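The structure is shown first.

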Amino acid sequence: MQAAKAGLDAGADAIYVGLKGWSRGGARGELTPRELEQVLVLARQKGAAVQLALNTIPRGREIDYLLERLPELKRWGITGVILNDPGILAYIHRCFPELPLTASIGCGALNVDDVALLEEIGASCIVLPGTVHPAEIAEMRPYVKAQIEVMIHMVDEFHQLGKCWMPSYFRTNPSPMPEMPADGERLTGSIKRGGAGVCFKVCQHPWGLYLNGQKKEERMLPARQVSRAPEVGAYLDAGVDVIKLQGRSLPPELIFPMVRRFRMAIDQVREGRQVLEVPPFELPPSWVVVGR
Amino acid sequence: MTQELFELNMAISNMKDLVASDLSPYDAVYLGNLYCRDYEANFLEKLDDLRAGIRHCREAGCKVYLTTYAAPRNYFLPQIRKAIAVATEEGVDAVEAHNLGVVRILRNEFPALSIHIGGFANVYTDMGALVLRDYGGTRVTPNYELSLEEIEGMAHSTSLPLEILVHGKMPLGISDYCFLLEYEKAWGMQCPDLCQQDLFLRQGDWAMKSTGKGVLSGRDVCMLEYLPRLVAGGFRFFRIEAISEDPAYRRDIGMVYREALEQAFSGVYEIREAWWQKIQAHAKVGLCNGFYFGQSGQLYIGSQPPAVSHQLRVIS
């Protein structure tokens, strides 16, 4: 709740929120239905939109339960849903053709034909990682009518988002899925199936690197923070519709300055100014490698 | 006769590895390295080699498939189209796509080709498989994280032929960035030689194999004990993941599974000690079952013989 408020107070036009059990952010960052209603009220007051993050991949009965819940959530005022699985996205689009659906970064879109296919199966918005450059997005723009959203503030982990199952190779921790009446199961350890916030961060353990059986050094797999506020203008010129900021798991005191920074950058671009006055924003190292 | 009952396949990156490998245990070969455009003489980049490789496989009596990059950007696509065009001219039996965009290109521009959906395409759900079937997918490798129970359910509800990994180092992800390039100077070794070295990431008894842009399970997934269950479950397409291995691995492990699958399809299945010995000889870190039994991917579940017991973490 506090994180949602911080984002809205800082000038976000829209926020994604996780409902208990269904988002990649992990249980600690998810809302109860009551809290979701409160966020919707707050967003309405600010003139902002709220999309629901259903970006773990549910199974069998969990999908049925999700579909049963969606009409009610629509009535509450969610403006769309972000999804992690193209199959479920296509299915929900057939069931609720008017509901805006966003193909999450976990759908793995990186090129023009990825984006076009996701649009064809029902995505009204497709998220690309901030490692995709404005020139690449400009090449995509003529071929799709769907909105293009780019996450230009994110942690670029070693493995591409949506294409990593290292954590579950080492450990999984099945636990009952909150809010699920029957046998729903969150598979903590699996990024795709519940809990990126608790994916064990295997990539950020110190690993011994062995060449032909000899230890050469100890290191972590490379990760870096991508934060491209100075390039907001280039992305918007390339045809990006939505600037996305990776905020899940950040505390409210970090969300506010992050959103504020990009709000300023976007406003400067819209006013025809160069993006020069944006204050720097660096996550503390602990948030880059461990705390997310 | 057993040749028609099942297909055992593997992937090979370049002509050098193909020529050095005994293909006799295999029914089909995927050509190309899906991880990196700079992989030495990658079939996906060396199109004359691709032509020769397809013919080589044919002469060896194998079906031949082209695989494609797992995470292509816009600027990969022209080369992918060229490789698919060459493969089409040479009469390749199918093209494997790990990426939605490549599936779309195949459907729109090469409609006569069979499309295999690869493990990086992230097919986690029946619905995901059906979407890709509608785009022309004729065979699907489900995401490695799925349990055997889930895969069996997918096979039942989609009626799609599913290909499953039965042995080898399971892919655990893919990166844009090859961190091995950081060591060119220190190790006196350049790309593309770096990623072909014996490279492991280790922490205690944890281990992963590195191929630069790819990380593979340190332990070899081994489903030797469970082949009768796979056969009874209706599976017919089996993969040995040997892209990062040497020709001896491809030959020995291929022969073990060739014999084992023939037995399993005959209805009488008895694991031979010699099979375990060969598997043990090639499993540097040990064995696991991947995610097939709903557990963490590095665990081995089963009643393995003493020959390999010291390498295995037994939980049942």
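The model is predicted. Across all chains, a search of the whole structure finds 39 salt bridges.

**Pair in chain A**
- The side chains of A:K215 and A:E218 form a salt bridge, with an N to O distance of 2.9 Å.
- A:E218 has a relative accessible area of 47% and is partly exposed.
- A:K215 is also partly exposed, at 44% relative accessibility.

**B:R51 and B:E90**
- A salt bridge joins the side chains of B:R51 and B:E90 at 3.0 Å, N to O.
- B:R51 lies in helix α2 (residues 47-59) of chain B and B:E90 in the loop between α3 (77-89) and β4 (94-97), so the pair ties together parts that are 39 residues apart in sequence.
- B:E90 counts as buried because its relative accessibility is 15%, and the limit for buried is under 20%.
- B:R51, at 24% relative accessibility, counts as partly exposed.

**B:K169 and B:D220**
- The side chains of B:K169 and B:D220 meet in a salt bridge of 2.7 Å, N to O.
- This pair links distant parts of the chain, 51 residues apart: B:K169 is in strand β7 (residues 163-174) and B:D220 in strand β10 (residues 214-222), both of chain B.
- Both B:K169 and B:D220 are buried.

**Network**
- A:D113, A:E120, B:R81, B:R104, B:R107 and B:E109 are joined into one network by salt bridges that share partners.

Definitions and conventions
Residues are numbered from 1 along each chain as its sequence is written. Chains are lettered from A and ligands numbered from 1 in the order in which they are written. This is a predicted model: local features need pLDDT of at least 70, side-chain atom pairs count only at pLDDT 80 or more; totals for chains, interfaces and linings use all residues. Side-chain values use heavy atoms; hydrogens and water are left out. A salt bridge is a side-chain nitrogen of Lys or Arg within 4 Å of a carboxyl oxygen of Asp or Glu. Buried means under 20% relative accessible area, exposed over 50%, partly exposed in between (1.4 Å probe, protein chains only). Helices (H or I, at least four residues) and strands (E, at least two) are DSSP runs, numbered from the N terminus.
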